[in-house]
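Please examine the sequence and the model shown below.

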Amino acid sequence: MTINSSPAKEPTREILADAQTITDVEHYTQSLFRFRCTRPASLRFRSGEFVMLGLMGEPDKKTGRGKPILRAYSIASPSWAEELEFYSIKVPDGALTSRLQHVRKGDQIIVRPKPVGTLVHDALLSGERLWLFATGTGFAPFASLLQEPQTYERFDKIIVTHTCRWNDELRYGRELIAGLAKNTLLAEVIGANFWDKIAYYPTTTRQESPVIGRITDLLRSGQVCQSLGEEPLTPNRDRAMICGNLAFNLELKALLEGWGFAEGANSNPGQYVVEKAFLD
Ligand code: A2P
């Protein structure tokens, strides 16, 4: 589905510092879209990290110069990909996304080539099962990690949960996961059976779907493990990454810590890591 609510502006013609060119845009709903752009030659990043990304603001009336409007965006493409992909919400009056949602192929955006983040393999100890818990656009860093060979080399099972209000908000994640099965590059690097390691558990909270409810409640009740045929989570064998809205992050963090999980960081790897999905 392509939704274009208002006409796109003329592509930015001025030369921007750290400018990259949009190569592709896809709109999923009135509030969600993804775009791809060229990759800065100097950008090296670890799958799961984020960068600052944005557009030039309107020129100042006095000086005639604009300031960049930048926000933190998780890179949704893996570290080895030629182009960068980002998954974004559209906030009608958001300083950045109200304009970013209108970018088209050929437009310029600013990508600062300084990646950071804690949703990375380096911040997690090795384990048997890797749980990726997302809400909304918090799926983005997991899109990157799910295309990263290391994810399958380090873990026997990767369980991806994605909770959204509505069914159509799950589409980006669902298509990404379905696409992995056809990813010949990954199959070549890590073996065709890597796909068997993935369990996908989408849930909705405000619309009928096969699984209704918040993932936190479904974990607490034991429903998630029961329906996946998995043993309950333990800090000995499980590792987790959390990325979603703040309330979700805090609730899940408390739940995991209650089960004995310790938070990891780049300097001190642990049993789970957490990062907020960035909102405009
Ligand atoms: P709910 O519809 O019950 O609020 P949002 O769009 O507000 O960022 O939320 C994305 C998803 O995260 C929604 O399905 C929402 O459920 C869910 N959610 C919000 N807060 C929590 C929480 N504390 N724990 C688990 N899920 C949450």
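At least two residues of the shell around the ligand come from each of β8 (157–164) and α8 (246–258); helices (H or I, at least four residues) and strands (E, at least two) are DSSP runs, numbered from the N terminus. The element that gives the most to this shell is α8, with three residues. This is a predicted model, in which local features need pLDDT of at least 70, side-chain atom pairs count only at pLDDT 80 or more, and totals for chains, interfaces and linings use all residues. Residues are numbered from 1 along each chain as its sequence is written, and side-chain values use heavy atoms, with hydrogens and water left out.

Around the ligand stand T135, T163, C164, R165, T205, R206, R214, T216, N245, A247, F248 and E251, where a residue is near a molecule if one of its heavy atoms lies within 4 Å of it. Three residues of the shell are nonpolar, five are polar and four are charged.

An N or O atom in the side chain of R206 lies 2.7 Å from an oxygen atom of the ligand. For the side chain of R214, the distance from such an atom to a ligand oxygen is 2.9 Å. The protein covers 80% of the 560 Å² of accessible area that the ligand has on its own, by the Shrake-Rupley method with a 1.4 Å probe.

The chain as a whole has eight helices and 11 strands. Its C-alpha atoms fill a box of roughly 60 × 40 × 35 Å along the principal axes.

Terms used:
Polar contact = N/O pair within 3.5 Å; in protein donor to acceptor, adjacent residues only side chain to side chain. Nonpolar A, V, L, I, M, F, W, Y, C, P; charged D, E, K, R; others polar.
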